[in-house]
Amino acid sequence: LVNMYVDREITKKIKVSEEEIKDYYNSNINDFVIPEKVHLYEIVTDSKEKARNILTRLSMGESFEEIAEKESISESAKNGGDLGWVDVSKLEPEIAALVTKIKPGQILANVFKSDIGYHIIKLAGKTDRRILSLDEAKQSIINILKTQKKKKEVEKIMKELREKGKIQIFPNKIEMLKERIK
């Protein structure tokens, strides 16, 4: 019932001005940064020799995805080596540096080693780091500001109700009741 009341009576009265939206956007600009991302595929082998052999086969035109499915020891093998979109800042710095220098469709010339094996990486796509425009961020900001205002309004109503109510709390009586329940 409380939720229905809040949604029906309080939320409909809450208004967010253009000025509030702009102020929130400018004060929280870092919240609207979309990081640079890369779409990666991988093939992982248990030896450097196998990895180099696969690089040679790839240079001759074999399908990256087919080799990944058949020969990769990574979990991604079942998806043709697809790792999906990855935030560049979450990658190992040396891998991030290499991946951001190649173009989509290219395969890293270097094989690199990790705890699980030797990796061959293909870049399938890339998005640049950017900041959402005010128009793109507007609806999210409105939702955030409405939620903040709704919370303040509910707190205000609860405070008024507590002040009007004649509720008294007797801590020693509560302890007595707890003892009786045991």
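Two strands count as paired if DSSP finds at least two bridges between them. Helices (H or I, at least four residues) and strands (E, at least two) are DSSP runs, numbered from the N terminus. This is a predicted model, in which local features need pLDDT of at least 70, side-chain atom pairs count only at pLDDT 80 or more, and totals for chains, interfaces and linings use all residues. Residues are numbered from 1 along each chain as its sequence is written, and side-chain values use heavy atoms, with hydrogens and water left out.

**Stop 1: the sheet**

Select β2, β3, β4 and β5. These 4 strands form an open sheet in the order β3-β2-β5-β4, and the pairing is antiparallel. Colour β3 (82-87) and β4 (112-113) next. They stand at the edges, each with a single partner strand, so one side of each has no neighbour in the sheet.

Zoom in on β4. Its antiparallel pairing with β5 (residues 118-127) runs over 2 bridges. Show F112, and you will find H119 of β5 opposite.

**Stop 2: helices on the sheet**

**Stop 3: H39**

Select H39, in strand β2 (residues 37-45). Is H39 buried or exposed? It is buried, because its relative accessible area is 15%. The cut-offs are under 20% for buried and over 50% for exposed, with partly exposed in between (1.4 Å probe, protein chains only).

Show what surrounds H39. Beyond its neighbours within four places in sequence, H39 is in contact (heavy atoms within 4.5 Å) with D82, G84, W85, K122, L123, A124 and G125.

**Stop 4: helix α6**

Select residues 134-164, the 31 residues of helix α6. The expected span of a helix is 1.5 Å times one less than its number of residues.

Where is the kink in α6 centred? Go to S140, where the kink is about 30°. The bend at a residue is the angle between axes fitted to the seven residues ending there and the seven starting there.

Show A137, I141, I142 and L145, which are buried in α6. An α-helix has 3.6 residues a turn, so residues three or four places apart point the same way. The buried residues of α6 pack against α2 (18-27).

**Stop 5: salt bridges**

A salt bridge here is a side-chain nitrogen of Lys or Arg within 4 Å of a carboxyl oxygen of Asp or Glu. By this rule the count is 8.

Start with E18 and K138, which meet at 2.8 Å, N to O. E18 is in helix α2 and K138 in helix α6, 120 residues apart. E18 is partly exposed at 43% relative accessibility, and K138 is partly exposed at 25%.

Move to E20 and K149, whose closest N and O atoms are 2.8 Å apart. E20 lies in α2 and K149 in α6, so this pair ties together parts 129 residues apart in sequence. Both are partly exposed: E20 at 30%, K149 at 27%.

Next, pick E136 and R130. Their salt bridge has its closest N and O atoms 3.1 Å apart.

Finish with R57, E62 and E71, which are linked in a network of salt bridges.
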